[in-house]
Amino acid sequence: MTTTIEQGSELGLETLQNLEPISSLTPESIQELASQSKRERLEPGVALFNRDDSVKQSIYLLSGNIELTLSNNEKRVVQGGTAEACHPITYEKAQVRAAV
């Protein structure tokens, strides 16, 4: 069986229940969040955000890889499906300058 997930489709409850800190919410809150959450697919090389952007949403990597550029210009790759990817991609926690 093959499952096709279209861009813009809502995230399932099971997916959200595996993300932090979402997993600590009540089932009702997770259901409400699911109705407001959308899946988005980016082409390789497209910047997710830059340091100067005002990011007003939580961004999680569900599949694929993302390269983070840290404030010291070091690069680090996060892979979807790993424990690290269960936490939101933010520039604050790792002093990330850009995410591509």
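Residues 24 or more positions apart account for 59% of the contacts with a separation of 6 or more; a contact means heavy atoms within 4.5 Å. The model is predicted: local features need pLDDT of at least 70, side-chain atom pairs count only at pLDDT 80 or more, and totals for chains, interfaces and linings use all residues. Residues are numbered from 1 along each chain as its sequence is written, and side-chain values use heavy atoms, with hydrogens and water left out.

**Color by confidence**

Color by pLDDT, the predictor's confidence in each residue, from 0 to 100. The chain average is 79, and 75% of the residues score at least 70. Select residues 1–6. Here pLDDT stays under 50, and the model has three contacts beyond four places in sequence for this stretch. Now compare the elements.

**Switch to cartoon**

Helices (H or I, at least four residues) and strands (E, at least two) are DSSP runs, numbered from the N terminus.

**Show the surface**

The chain exposes about 7,100 Å², with carbon and sulfur atoms supplying 47% of it. Areas come from the Shrake-Rupley method with a 1.4 Å probe; for residues, only the protein chains shown count as cover. Of the 100 residues, 25% are buried. Buried means under 20% relative accessible area, exposed over 50%, and partly exposed in between (1.4 Å probe, protein chains only).

**Select the nonpolar cores**

Which residues form the largest nonpolar core? Select Phe49, Ile59, Leu61, Ile66, Leu68, Val78, Ala85 and Ile89. A nonpolar core is a set of buried Ala, Val, Leu, Ile, Met, Phe, Trp, Tyr and Cys residues joined through side-chain atoms within 4.5 Å. In soluble globular proteins, nonpolar side chains tend to be buried together.

Center on Ala85. Leaving out residues up to four places away in sequence, Ala85 touches Leu19, Tyr60, Leu61, Val78, Gln79 and Gly80. A second, separate core has seven residues, including Leu11, Leu19, Ile22 and Ile30.

E2 and E3 (residues 75–79) run antiparallel and are joined by five bridges. Two strands pair if DSSP finds at least two bridges between them. Leu68 has Arg76 in E3 as its bridge partner.

Next, pick Thr69 in strand E2 (residues 65–70). Is Thr69 buried or exposed? Thr69 counts as buried because its relative accessibility is 10%. Lys75 in E3 stands opposite Thr69. Their side chains also make a polar contact at 3.2 Å. A polar contact is a pair of N or O atoms within 3.5 Å; within protein, one must be able to donate a hydrogen and the other to accept it, and residues adjacent in sequence count only if both atoms are side-chain atoms.

Move to the turn. Four residues lie between the strands of this hairpin, and Asn73 takes a positive phi near 70°. Most residues other than glycine have a negative phi, and most peptide bonds are trans.

**Find the cis peptide**

Go to the loop between helix H1 (13–17) and H2, where Pro21 is found. Glu20 and Pro21 are joined by a cis peptide bond, with omega about 0°.

Stay on Glu20, in the loop between H1 and H2. Glu20 is partly exposed because its relative accessible area is 32%. What does the Glu20 side chain make a polar contact with? The partner is the side chain of Ser23, at 2.8 Å. Not counting residues up to four places away in sequence, Glu20 touches Tyr60, Cys86, His87 and Pro88. Draw a C-alpha distance from Glu20 to Tyr60: 9.5 Å, for residues 40 apart in sequence.

**Last stop: Gly45**

Select Gly45, in the loop between helix H2 (27–36) and strand E1 (49–50). Gly45 counts as exposed because its relative accessibility is 62%. Draw a line from its C-alpha to that of Ile66, 21 residues apart along the chain: the separation is 9.3 Å.
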